[in-house]
Amino acid sequence: FGGGRQLFTLFADVIESGFADKIPVVTKELTDWWIHGVASMARETSLARLARERLPAAEKLWSLAGLAGSPRPYPAADFDEAYEQSLLFSEHTWGVSGFKPMPQPPGKRDLETNQDPGYKQMRHSWEVKGDYARVASRIAERTSREGLEALAEATGAPGGSMFVFNPLNWSRSDLVRIPKSELKDRPRAIRDLASGEEVPWQAD
């Protein structure tokens, strides 16, 4: 492997030094040649992308909770696993190698129903691939929720309050959505504890 890398570097050096002015430059979009994999798992791709946003935010929550004196242990192993699962989903391999199903009319739903061993193995490989995104998503959601709880406890947030955390490095004004299942009682009013001002709200 090391020798191959060295040869490739030498090849690139020769091309750049002797032929750089002769190689055309194309300044258009380079279509991703692995895009068929992402398109085949749109739901899992969305889960993975959301997890990649939530995980750094969850790390910030737990770091702040620790600085605020939370006795809860920092979930380092969970973060390690979530990032690994996220990377494994992003890795470019999609499906088993060497098996190429024959094209069939969409109505036959051949990819889903064919019980030949090759098809079964292919479907299993898709399930394994999708699990990487699903596991990363579950861990990101859980560490975010538990991080919010740890920080709220450590900062002495009053019981029944809504704890809102902005993971960005700048102040922002935005809509906050809270599922009805998270509210024990319908609030009569919502006030910002820092300013004492009433916050506009509505129930969907």
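Two residues are in contact here when they have heavy atoms within 4.5 Å. Keep that in mind as you work through these exercises on a predicted model.

**Exercise 1. Find which residues serine 137 touches, leaving out residues up to four places away in sequence.**

Solution. Start by placing the residue: serine 137 sits in helix H6. Next, look at its cover. A residue is buried under 20% relative accessible area, and serine 137, at 11%, is buried. Now apply the contact rule: the partners of serine 137 are Leu47 and Ala51.

**Exercise 2. Check the lengths of helices H4 and H6 against 1.5 Å a residue.**

Solution. Take H4 to begin with. This helix runs over residues 76-90, which makes 15 residues. From its first C-alpha to its last, H4 reaches 21 Å, close to the 21 Å expected. Then turn to H6, with 38 residues.

**Exercise 3. Work out how the buried residues of H4 are arranged around the helix axis, and what they pack against.**

Solution. List the buried residues of H4: Phe79, Ala82, Gln85, Ser86 and Phe89. Looking down the axis of H4, you will find these buried residues within an arc of 130°, so they line one face of the helix.

The buried residues of H4 pack against helix H3 (42-67) and helix H6 (117-154). Finally, look at the face turned away from the buried side, where H4 carries the exposed residues Ala77, Asp80 and Leu87.

**Exercise 4. Find the salt bridge between aspartate 78 and arginine 142, and say which parts the pair ties together.**

Solution. The structure holds 11 salt bridges. In one of them, the side chains of aspartate 78 and arginine 142 meet at 3.2 Å, N to O. Aspartate 78 belongs to helix H4 and arginine 142 to helix H6, so this pair ties together parts that are 64 residues apart in sequence. As for cover, aspartate 78 is partly exposed at 22% relative accessibility, and arginine 142 is partly exposed with 28%.

**Exercise 5. Trace the salt-bridge network that includes Asp131 and Arg134.**

Solution. Begin with the pair itself: aspartate 131 forms a salt bridge with arginine 134, and their closest N and O atoms are 3.0 Å apart. Both residues lie in helix H6, 3 residues apart, about one turn of the helix. Aspartate 131 is partly exposed, at 32% relative accessible area. Then widen the view: Glu44 and Glu127 join Asp131 and Arg134 in a network of salt bridges.

**Exercise 6. Decide whether arginine 172 and aspartate 174 are buried, partly exposed or exposed.**

Solution. These two side chains meet in a salt bridge of 2.8 Å, N to O. Use the cut-off: exposed means over 50% relative accessible area. Arginine 172, at 45%, is partly exposed. Aspartate 174, at 54%, is exposed.

**Exercise 7. Locate arginine 109 and glycine 156, and give their phi angles.**

Solution. Arginine 109 lies in the loop between H4 and helix H5 (110-113). Its phi is positive, about 50°, although arginine 109 is not a glycine.

How values were computed
Residues are numbered from 1 along each chain as its sequence is written. This is a predicted model: local features need pLDDT of at least 70, side-chain atom pairs count only at pLDDT 80 or more; totals for chains, interfaces and linings use all residues. Side-chain values use heavy atoms; hydrogens and water are left out. Helices (H or I, at least four residues) and strands (E, at least two) are DSSP runs, numbered from the N terminus. The expected span of a helix is 1.5 Å times one less than its number of residues. Buried means under 20% relative accessible area, exposed over 50%, partly exposed in between (1.4 Å probe, protein chains only). The arc is that of the directions from the helix axis to the C-beta atoms. A salt bridge is a side-chain nitrogen of Lys or Arg within 4 Å of a carboxyl oxygen of Asp or Glu.
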